[in-house]
Amino acid sequence: MGWNSWNKFACNVDEKLIRETADAMASSGMKEAGYEYIVIDDCWQVSRDENGNIVPDPERFPSGMKALADYIHSKGLKFGLYSCAGSKTCEGRPGGRGHEYQDARAYAAWGIDYLKYDFCNTDAQKAEGSYKVMRDALFAAKRPIVFSICEWGSTEPWTWAKNVGHLWRTTSDIMNCWDCKVNWGGMGWTLVMDKNEPLGKYAGPGSWNDPDMLQVGNGVLTDVESRSHFTMWAMMSAPLITGNDIRLMTPAIKEILTNKEIIALDQDPLGKQGYRWWTLDGNIELWLKPLANDEVALCFFNRSSEVKNIDIDWKKYFGKLDGKSYGVTDKTIIRDLWLKKNIGTTGKNLKATIQAHDVLTIKLSK
């Protein structure tokens, strides 16, 4: 859980922004809700010196990365940087190819806790081999650093990355929209969700599918759509890396990003990725996520542009939830995780109205 600069600020990053973001994370309730990483994406680096050492932009980061890391750590937070497996980053800055061990030593010396590693300008490089080299370099640097693999799912990293990185991108870049597509492969969050959904069997504690950073609070999605986006990332046990300006959050966006009951779904210790169980009436998708303590989360997602009503007969549909009882009886408690209150038991039908693009997210427990 954390924040990354790219979705909102792209290359327009400097140490003032990063310090202010760390301040906001520490004071806004986000740190208390579980967010801890402050990650600078591309464009912090400008060159290499005569010895090949990576050089941060001296104009944008005049205090240097060690001082910035120290400041972030003083807030009880952790610090992350971006680099790339190719000769150059996606924005044409110096990449890590041929400098993996040198860069890893620098990151460790600066106090870096997280590395996002992209895959632009790689020519004939093989992804698996390139990421293993950087993994070994980080290990040799002897500092615990979360390693985020970002080759956009192009080589099916879920099949090889479990012992290489801690999380791996499963899709191309997420766009700030509901379901748009761009010609180079970027797509809206619902389409990213569809790509990530079938891959749950590859994920688990310490090894996570990453459907990219959140677009919540970036001014295109409605509050309802943002709530659904955040919920579905939590249902899929996805990394919750925000990409908005957390210094200027509206109350509604802050409430979404700090809903501890939804975050608890994402952070559930069982680590099971939720999945689309069935579709009701062609528009309401029902997602199921097994939880620890024999509990289960269900999310009714209204993907349509119309208001929909549901009337769920628990005996008919949920005698066994996808072949498992989860201890559900007539007395099983239903908790609405957005209303943050219990709304009855499974002894009666669940009747609800779900607005267009909205979710009804519940937890069933004894």
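1. Is K66 buried, partly exposed or exposed? With a relative accessibility of 38%, K66 counts as partly exposed, because that value falls between the cut-offs of 20% and 50%. Keep in mind that you're looking at a predicted model.

2. K66 has a salt-bridge partner in D70, with 3.0 Å between the closest N and O atoms. Both residues sit in helix 4 (residues 65-74), four residues apart, or about one turn of the helix. D70 is also at 38% relative accessibility and counts as partly exposed.

3. Eight strands make up an open sheet with parallel pairing, in the order 9-8-7-6-5-2-1-10. Strand 9 (208-210) and strand 10 (241-242) are at the edges with a single partner strand each, so one side of each has no neighbour in the sheet.

4. Zoom in on strand 7 (residues 146-149) and strand 8 (residues 167-169): they pair in the parallel sense over two bridges. Here S148 has L167 of strand 8 as its bridge partner.

5. R169 is in strand 8 and D212 in the loop between strand 9 and helix 8 (223-235), so the pair ties together parts that are 43 residues apart in sequence. R169 counts as buried at 2% relative accessibility, and D212 counts as buried at 4%.

6. The second largest cavity holds about 50 Å³ of space. Among the residues lining it are N293, D294, E295, Y326 and K366. This lining has three nonpolar, four polar and three charged residues.

7. Back to salt bridges: a search of the whole structure finds 27 of them. One joins the side chains of D245 and R247 at 2.9 Å, N to O. D245 is buried, with a relative accessible area of 10%, whereas R247 is partly exposed at 33%. There's also a network of salt bridges linking D194, E197, R276, E285 and R303.

Notes: Residues are numbered from 1 along each chain as its sequence is written. This is a predicted model: local features need pLDDT of at least 70, side-chain atom pairs count only at pLDDT 80 or more; totals for chains, interfaces and linings use all residues. Side-chain values use heavy atoms; hydrogens and water are left out. Two strands pair if DSSP finds at least two bridges between them. On a 1 Å grid over the protein atoms alone, a cavity is a set of points where a 1.4 Å probe fits but cannot get out, and a pocket is an open set with protein on both sides within 12 Å along at least five of seven lines; lining residues have an atom within 4 Å of a point. Grid points are joined across faces, edges and corners, and a volume is the space filled by probe spheres set on the points. Ala, Val, Leu, Ile, Met, Phe, Trp, Tyr, Cys and Pro count as nonpolar, Asp, Glu, Lys and Arg as charged, and the others, Gly among them, as polar. A salt bridge is a side-chain nitrogen of Lys or Arg within 4 Å of a carboxyl oxygen of Asp or Glu. Buried means under 20% relative accessible area, exposed over 50%, partly exposed in between (1.4 Å probe, protein chains only).
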